[in-house]
Amino acid sequence: MNRYQEQPHLLDPHLEWMLNMILDFIRSEKSPPSLVHLCFKFLYIICKVRGYKIFMQLFPHEVADVEPVLDLMSRQDPKDSETWETRYMLLLWLSMTCLIPFDLSRLDGHLESEGGKAREPTMDRILAIAKKRLGDFLDWSLTTISQTNDQSMRDIMVLDGALQSLAKLFKHGKRDDLLQYAPTILQCLEQKRLSESSQAMLRKLGVKLIQRLGLTFLKPRLAAWRYQRGSRSLAANLSMSQSASTTDAVSPDVEAQEQEEDYDIPEEVETVIEHLLVGLKDKETIVRWSAAKGIGRVTGRLPKELADEVVGSLLDCFSFQETDNAWHGGCLALAELGRRGLLLPSRLTDVVPLIIKSLTYEEKRGACSVGSNVRDAACYVCWSFARAYEPKELKPFVTQIASALLITAVFDRNVNCRRAASAAFQENVGRQGTFPHGIDILTAADYYAVGNLNNCYLNISVYIASFPEYTNAMIDHLVAMKINHWDSVIRELATKALHNLTPQAPDYMATTVLPQLLPMAVGIDLHSRHGAILACAEITHALYKLGLQTNRTVVDMISSECVDALKNIHQMVRVGFGGELMRPAMCGLIEKLSLSKMPFKNDPVITGWQWLIDDTIKSLHLVSSGAKDGIMVAVVSALSALCEEYYQAQAGQADSQMQSMLSIYIEGLKSPQMLTRCGSALALGCLPRFMIHSKLKQIFEGLQQMCSVSQKEGSFTEARRDAVRAIAQVCVKAGVCANGSPDSALCLENVAEVYGTLLESMNDYTTDSRGDVGAWVREAAMTSLMDVTTLVASNHFFIFYHSVCRVNRMMCCLAQQAAEKIDRYRAHAGNIFLRLLHSTKPAVPHIPHQEELLSIFPVETTTSLNWNAPSQAFQYITQLLRLPQYQYHTLLGLTVSVGGITESTVHFSSQSLFDYLKGIQDNNAALAQFGDTLLSIFRDNLRNDRVTIPFLKMLNQMLANSCFEIFTTEENHQFCVDLLALCKELKKSKDISKLRACIAVFCGLIQFQGEVRKKVLSQLLMLLCHSFPVIRKTTASQMYEMLLTYDDVIDPEVLDDVMTLLSDTNWEGDLATVRPHRNQLCDWLGVPRPQVVAKVTI
């Protein structure tokens, strides 16, 4: 049976017949006591595996079963430790028979027995069995609790069981029977100090038992003083008229209230409440939640004055000196009290401000914060209040609660808190009906909408702030709580939200918020500085955009003190400390102030800003890898905006002094620091046209040199990527002029160099520990080629008449990339290929085989074709193999896909390739051309492992699928001869994977007829004596399979001997042992024995 413990439900179909079979033995009068005990032992084993709650339901519980079970139970010896299973199962059975829906007195009949003595009633017999064990059980429980500790696992389990049993007993037992034991148990628990235990479950059970003891001490009656909102009965509510439904809350009868309070409260209740209040501050949620429910239950039985004292003690949890655990427990308890009507409206003035604080409670702990559980519980309090109170009771607090809930629903970092606040707001809107614009807001900020943090900050907040009741509260919360948040994502979203909220309250932003933020921007706290600087930038820019609509400048909208403070921020802030945050923040400030056209032209501050940008580019190598991309984007944006606004002497003309800074960036392209190169390249790419005018030649030379030199060295991959991007950006900024100066525009003189650099970058296959990093360069080169080609085609069409070969090479390179194995880059190449092919404004001329391409790729494929999916992409791209111009590059791209390791890519690419080859099997010329292209690829990449190994794998698949069957009929076909000669070159390699792939190709070449077959066999036999044992073993195994596949290779008379020798020889043994076997094979196969070349010593 123990085997079923993991999935006990598998026993369910068999439980009934097993139980009935065993019960037949138990009921039989012929069964001896030992057999009965054995049967109950079996029942216990089944019950243990399946669980008593399920198993006990199968016991027969008819009226006729009560007496037999009672008789069996009364005959048991409580002190017999050998038969405890019998007593255990009989108690379970008896508990089921007690559930029969009849008065047990009906079972008594005539209470006089034959001897004339009165017989005990059935009910008394059952109670006697239970009570007989109650005292003993309580003694055992108290002894167990006193003697165990929570240090050993066994003691913890025993203690757990004892506490659970007592809690169940006091939950379901009769108060009159248990009241006498309650003080003793409470005293035992106090001595045990379970609240100090390290086990959360024991602390929870301790709280659970203490609250049950408290309920036992108090009379089981509902407090007459409690606040009731209407009737608790659904039927009564439905029957009430509309006028009655709006009447006041039910007020308790004064006389009943006086009678209710006219009894003494035991002293132990105070101890119980103290323990529950301590439990509210426990470090585990399950303990706090149990304590909160206990507070609610116990308070519901107390007089009004004592209950109010409990509420007062509860409010002490909301002190700044308390931890987040106390705040959370306090919120849970308040929600319980409110839900039960035990928190009277007179207390709301004290409670609501604390709940408002709890909705935004957050306490920083190191690099993160705590308090999300407090905010979640505060939402629960608001939800419970909505159900507990009449609208008139909450009316004075509606604005506060509504604003606080919406702020949490929109701006809280945790999604569960946002959703809890949204649900609480919805409950209040539905039940109170007094929340301003409730239905409209709920439509925008429902449970699902608040799930997306960006949507909350940037969209939903703007809609809610359009209602004046909430605008200032939301702005104030962002400034007070989110600008200085520990999470940089929240800080940045808060600043963007302030930008979006500025049109709702421009005057408030300019006169109140901005003056608050400026001191924070130069303060001590790093997070506050970072958020405040970004917020100042965003608000200033938003005010500028508003000013455009009314023909006002930013200076007209904000005070001169604010303008001076904005100008001087960079002087007050040290970017060295926390530079990863402060540098991008300052660059963001420079960008936004420049876009806002602040009147700082020819001001010394511009020099300071420029120094900051240049210093950041030089210092990029000092920042962590995670922050460098964000800093680089910020620097480039700042530099572009700064130049555009402040470096024009006249319209379209650069300040000559400022233009000299180009040499700094050109020199930075040669820096030994890769990130400085990246920053310099991107800086050159972002400069406006007037800045690069007459400097284009220097810029192109610097960028091209960085691309070519570093590619040969195999380093600075990211710098090459950014240089390739910068080339296209510079071309787009400079524009095209066919006969213009190469120093000022893209023209006939420099277009060839630009295309040459970009096309050369398409062949960047640099790899390092991160993988194929050259793909970054190839991706940038593809995008840049598209931008430059579109630019040239749209401006000076006739330049292309000098660029036929360049367009041809560009489309072929794109076709190659569209056939390769990495989904992302294949998709990028394919989309650009189709965009250029179908471009009409402008149209790209000289695309080779344009008509055929348009038939392969109709215009609808630009949207329907998913290049990321190998199942779709390769069936299109393999059709380019029939176009001579594209065949070489397409097959080169397919090589790494068909010979790759990704299963889906290999499957679909090889399937599409073989479908193409199957279609040209009868076309000797087409197959010969394909073979020549294949050999050209092999010859050109003989020393390139990136291509060679996949090529050999692809070739092996082709030979195995008889793709060159038409060649095998001709003896010594030139394709096979050339292929064998190239494979012989690879045989000298020391790369195991390459040698293995080469062996497979040799075995495939054996199908060709003539003298070439003898040469292939000779190569294989030489590999049988290779210096690597694994190669010798692989060769023998492959040859064995080859001879099974191609039975015409050798004479049938020696076939068995050859096969036996290949399979039985230990080819991993010493060469001296292996060589005679190899020579024997040579003799049988009619191949001259290879001669060992003696090494000549000089």
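In which loop is the place of Pro842? The legends below take up this residue and several other sites of a predicted model.

**View 1. Lys841 and Pro842 are joined by a cis peptide bond.** Omega of this bond is about 0°. Pro842 sits in the loop that runs between helix 43 (823-838) and helix 44 (850-856).

**View 2. Residues 809-994 carry a domain annotation in UniProt.** The unreviewed entry lists this span as "domain: Tubulin-folding cofactor D C-terminal".

**View 3. The domain assignment divides parts of the chain into domains.** Domain 1 covers 2-103 and domain 2 covers 344-451. Domain 3 covers 469-617, and domain 4 covers 921-1085. Taken over C-alpha atoms, the centres of domain 1 and domain 2 are separated by 53 Å.

**View 4. Glutamate residues form a patch of negative charge on the surface.** The patch gathers Glu190, Glu267, Glu270, Glu274, Glu305 and Glu309. Helix 14 (268-279) and helix 16 (304-315) are the elements that each give two or more residues to this negative patch. Glu267 lies in the loop between helix 13 (254-260) and helix 14.

**View 5. Arg193 has a positive phi value.** Its phi is near 55°, in a residue other than glycine. Arg193 is found in the loop between helix 9 (182-192) and helix 10 (200-217).

**View 6. Arg583 and Asp615 meet through their side chains in a salt bridge.** The N to O distance is 2.9 Å. Arg583 belongs to helix 31 (residues 579-595) and Asp615 to helix 32 (residues 604-618). The two residues are 32 residues apart, and the pair links distant parts of the chain. Side chains of opposite charge can pair when their charged atoms come close. A search of the whole structure finds 30 salt bridges.

Notes. Residues are numbered from 1 along each chain as its sequence is written. This is a predicted model: local features need pLDDT of at least 70, side-chain atom pairs count only at pLDDT 80 or more; totals for chains, interfaces and linings use all residues. Side-chain values use heavy atoms; hydrogens and water are left out. Domain bounds come from an automatic or database domain assignment. UniProt positions are given in the numbering used here, feature names are shortened, and annotations may be inferred rather than shown by experiment. Patches are made of residues with over 30% relative accessible area and no salt bridge: like charges are joined within 9 Å, nonpolar side chains (Val, Leu, Ile, Met, Phe, Trp, Tyr) within 5 Å. Accessible areas come from the Shrake-Rupley method with a 1.4 Å probe; for residues, only the protein chains shown count as cover. A salt bridge is a side-chain nitrogen of Lys or Arg within 4 Å of a carboxyl oxygen of Asp or Glu. Lys and Arg count as positive and Asp and Glu as negative; His and the chain ends are not counted. The place of a charge is taken as NZ of Lys, CZ of Arg, CG of Asp or CD of Glu. Helices (H or I, at least four residues) and strands (E, at least two) are DSSP runs, numbered from the N terminus.
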